[in-house]
Amino acid sequence: MAVRHYKATLTVEGLVHIGDGEKYGKKDYFVVKDGKIAILDAARFIQRLDPAQLEEYCEFLREDSRFGLQDYLDTHRELEKAAKSSVAYTIDSSLARARRGSYQYFDVYRFMKDAYGCPYVPGSSVKGMLRTALFTFVILNSKGICRRLYEEKLSSVGDPGKAGEMLSQQVFQRNSDGKFDSGIVNDIMRYVSVSDSAPLTTEDLVFAKKYDKFSIRDDGRHKKQMGRISDGSYYEGNELNIYRECLKPGTRIEVLIDIDERMEERLRIVKLDLDGLAEIFAKSFELYERSFLQHFEPEAGNVGAGSSAADDGRCRYVAQEGPFPGMRCRNASIGGTGYCGRHQDKIPAQNDPSSGADKATCYLGGGVDFDSKTILNALYDGDDQTRVREIANILYGQFTTWVDPANHTILRSNIRSKGFEPKIGQAKYKRNGRLSKAKEDHRHWMDPDFGVSPHTMKYGIVGKEKHPMGKCSIVFTELR
C-alpha cells in the first residue's frame, strides 16, 4: 500500500512545555546580568576548580541549605570567572530579591533536550496530540454509539479512565475489514509515523510561571484580601510558584508524518489527506471552543504571536529577543492589520506562511487544560449539564476537598448540598497556637454552578504577559 508523506509546521502562539522529568534547582543557575539567568554546566565548571575548591563546591552541593548558587558565588568571588565560562545557556528571566536582600529562588521543570543540549519536540508528543484529535473526531461523528459503549464500560468497571481506555480500543483496534479486533498489533495508529522535530535552540526557551485564570462566572470571592471580602471584590486568577521551561511565542516546530493508507482501510470514517487532517483539528478545536473557551474572557486563549483571533485592538507582535522576550507590544493596531505602525514589517515574520483555510489550532505538551485532552466533551456534546458534571466528578475525585468541620461547618454543608462528599481532617496549627490550615479546597464541587469544568484556564506568565499553555497553530503540507 502507498504511504503519504507530510510535513506539519506548528507555530507556538502561547507557551509549550514538554518536560524531561527533571528540575533545575537553586544550585543549578546564577545571575549573569539583569534579566538573564545562566544555567551552569557543572561538568565544565568542576574542571576549572583546584582540589580544594572542588571539595568546597561538593560540600556546598551536599548541604541542604537555603542558599543557592548565586549566594555561593557571592561569597566565592574567585569562582565567578570559572562559572561564567561554564554556562550551558542563558534564559531571559530574572531572579528577584526579597526585602532583606536574599535571592528568591525557584525550581523549574526542564524542557526536553537532545544529547547536544538542544531542545526538541518528540514525535510521540505530536502523535499523541493527533490521536486525541482523531479520537474526538470519531466520537463526534458516531456520538450515540460511542456514548453508549462508554457508559456500558463505565457501569462495568466503575472507572472513567479505564472506560475511556476501553472505548479507545474499540475505536482504534481494527482488522483489515474495518471491524473491531482486540490486540495492540491491530492498533491502527501503528500506520502513522511521526518524527522528532528538528533541533531548536536554547534561545527559544523562557521560564514561565504558572497562572490559573478563573472563568467568567467565577468572581474569585473565595480569595481573601486583608482578611475581608467586599461585594465589589474580584480576582482574575491564581498566580502559583510553579515554573516551567517553555518554548516561547513565535517558535516554529517542524515534524515529518508518514501515513500508510492501510490505516484508512481500517478506520473508514475519514481520509487522512491534507483536507482530512485539517478537518480533524478544526473539529477538535471547535468543540474545545464551545465547551471550554467560551466560558472565559473573549480574548482567553487567543492572545499570542501570530494568532489570527487576537483582535483586541492591540498590536499582535511579541518580542523574540532583547530585554523583554515574550512581551506583547502595547501599541494599538492600525488599519485592520493587527499590528501597529512600528511593527508592520513583522506581519509575514510572525504569521504562518500558509494562512489559508488549512491552518488549525491545537494544544501541545504539558501544563495545558484538562479539556484539551479529554474525550468527555465529545461524548456529551450537546448535553452540557451532564458533560460538566461528569468532568467535575473526575476532577473532584483527583482533588477532593478536605475540611476541618470544627472550623468550616458551612463549607462542609455547602459541598454536601451540591452532591459531593468532602474528606474530614484536622486543622494544622503553628507552634504559637495560631491556626495554620483548616481546609484544602480546589472547588471542583462548584464547577456545575460555573457551567464549566475545570473552572480555570492554564496560562504561563513571562515578564508581565500571560500566555495560554500549549496553544499552537498547525499547517500540513504534502511532500512528494
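Proline 454 is found in the loop that runs between helix H14 (447-450) and strand E17 (456-462). The model examined here is a predicted one.

Arginine 268, although not a glycine, has a positive phi of about 65°. Its setting is the loop between helix H8 (262-267) and helix H9 (274-291). Arginine 443 likewise is a residue other than glycine with a positive phi, here near 65°. This arginine 443 belongs to the loop between strand E16 (439-440) and H14.

Helix packing comes next. Two packed helices are described by the angle between their axes and by the distance between the axes. For helix H6 (residues 143-157) and helix H7 (residues 160-172), the axes come within 8 Å and cross at roughly 135°. H6 and H7 are therefore oblique to each other, and their crossing is right-handed. On the H6 side, the contact involves Cys146, Leu149, Tyr150, Lys153, Leu154 and Val157, which meet Pro160, Lys162, Ala163, Gly164, Met166, Leu167 and Gln170 of H7. Sorted by class, the residues of this contact between H6 and H7 are nine nonpolar, two polar and two charged.

A second pair of helices is formed by helix H5 (residues 123-141) and H9, whose axes come within 9 Å and cross at roughly 75°. H5 is thus roughly perpendicular to H9. From H5, the contact draws on Met129, Leu130, Ala133, Leu134, Thr136, Phe137 and Leu140, while H9 supplies Leu277, Glu279, Ile280, Phe281, Lys283, Ser284, Leu287 and Arg290. By class, this contact of H5 with H9 holds 10 nonpolar, two polar and three charged residues.

Phenylalanine 281 lies in helix H9 and, at 3% relative accessibility, counts as buried. Phenylalanine 281 and alanine 133 are 148 residues apart in sequence, yet their C-alpha atoms are 6.0 Å apart in space. Leaving aside residues up to four places away in sequence, phenylalanine 281 touches Met129, Leu130, Ala133, Ala360, Thr361, Cys362, Ile474 and Phe476.

Across the whole structure, the search finds 17 aromatic pairs. In the pair of phenylalanine 45 and tyrosine 57, the ring centres are 5.0 Å apart and the planes stand at 75°, so the pair is edge-to-face. Because phenylalanine 45 lies in helix H1 (residues 42-47) and tyrosine 57 in helix H2 (residues 51-62), the pair ties together parts that are 12 residues apart in sequence. Phenylalanine 45 counts as buried at 1% relative accessibility, and tyrosine 57 is buried as well, with a relative accessible area of 3%. Elsewhere, Tyr29, Tyr103, Tyr105, Phe106, Phe207 and Tyr243 form one aromatic cluster.

Note on methods. Residues numbered from 1 in each chain as written. Predicted model: local features only at pLDDT ≥ 70, side-chain atom pairs only at ≥ 80, totals over all residues. Heavy atoms only, no water. Helix = DSSP H or I, 4+ residues; strand = E, 2+ residues; numbered from the N terminus. Axes fitted to C-alpha atoms, helices over the stretch in contact; angles between N-to-C directions. Parallel < 35°, antiparallel > 145°, perpendicular 65-115°, else oblique. Left-handed = near helix turned anticlockwise from the far one by under 90°. Contact = heavy atoms within 4.5 Å. Nonpolar A, V, L, I, M, F, W, Y, C, P; charged D, E, K, R; others polar. Phe/Tyr/Trp six-rings, centres within 6.5 Å; stacked < 30°, edge-to-face > 60°. Buried < 20%, exposed > 50% of the residue type's maximum accessible area, 1.4 Å probe, protein only.
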